[in-house]
Amino acid sequence: MLTTKEAIEKRRSIRKYKADSIPDEYVRELLDSARLAPSGCNAQPWRFKIVKESDVKAKLAEAAYNQAFISQAPIVIVCCADIQGYLDGTVSGVQDLGQIGAIEDRIVTILKGKAKDLETIGSNELGPRIASNVAIAIEHIVLRARDFGLGSCCIRLMDEQKVKEIFGWSENVFVVALLPIGYPAEFPIARKRLELNAILID
Ligand SMILES: Cc1cc2nc3c(=O)[nH]c(=O)nc-3n(C[C@H](O)[C@H](O)[C@H](O)COP(=O)(O)O)c2cc1C
């Protein structure tokens with residue numbers, strides 16, 4: 001089992017996969033790691049569609065501007081935000097956090113007011129706002145996948161509307177990313193990163 005540091009340092013975006021399938025138990029573990037991610041007000045708006053069917057994976061690759069490697073992964077996880085789930089989860093989450101005393105009453109009142117405001121915002125605007133919650137859950141999956149020797153590549157370059165049409169999803173679903181996962185058939189060198197001092201703001 002890798003340490004968190006090792007998983008972070010050894011992770012690469014993998015775009016070539018072996019044909020080997022992924023045991024269902026591993027997929028369950030990956031979803032479980034997503035479930036444990038933090039989220040604003042503990043709203044947990046992430047939802048995932050596991051795609052194994054070749055024809056559906058091909059459609060996803062096409063919706064992602066023909067990034068063909070997507071269809072070659074044994075599974076693709078379509079990572080989404082559930083907008084109504086977020087609204088409901090925010091209300092109950094604030095309530096719970098207040099009740100257990102994790103947040104001050106003063107903050108509960110502010111958050112309740114913000115939650116009300118959210119209901120007046122359309123799904124087009126809410127989706128991108130919620131996406132950061134899902135992104136954290138995605139990174140949990142990506143890092144946990146390393147424990148099973150699995151590689152992945154987060155995909156944002158896609159026509160989200162086309163992805164939604166594949167599954168017949170309503171405007172309640174905001175597609176955050178595609179995540180093809182499989183056993184790596186390539187071992188890329190570490191990509192360039194900014195130096196530490198370059199990521200500090202004066
Ligand atoms: C939000 C996000 C969107 C990305 N979208 C794509 C994509 O559409 N296609 C792709 O091949 N890689 C995509 N990547 C992978 C990046 O290119 C990659 O993370 C970056 O080049 C650094 O390489 P590394 O992940 O191997 O360290 C994306 C990564 C992130 C985090």
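Tutor: An oxygen atom of the ligand lies 2.8 Å from an N or O atom in the side chain of Arg 15, which is a polar contact (a pair of N or O atoms within 3.5 Å; within protein, one must be able to donate a hydrogen and the other to accept it, and residues adjacent in sequence count only if both atoms are side-chain atoms). This is a predicted model, in which local features need pLDDT of at least 70 and side-chain atom pairs count only at pLDDT 80 or more, while totals for chains, interfaces and linings use all residues. Residues are numbered from 1 along each chain as its sequence is written, and side-chain values use heavy atoms, with hydrogens and water left out.

A polar backbone atom of Arg 156 is 3.1 Å from a nitrogen atom of the ligand, and a polar backbone atom of Leu 157 is 3.1 Å from an oxygen atom of the ligand. The ligand taken alone exposes 630 Å², and the protein buries 64% of that (areas by the Shrake-Rupley method with a 1.4 Å probe).

Around the ligand there are 13 residues, where near means that a heavy atom of the residue lies within 4 Å. Arg 11, Ser 13, Arg 15, Gln 67 and Arg 193 come nearest. By class, this shell has six charged, five nonpolar and two polar residues. Here Asp, Glu, Lys and Arg count as charged, Ala, Val, Leu, Ile, Met, Phe, Trp, Tyr, Cys and Pro as nonpolar, and the others, Gly among them, as polar.
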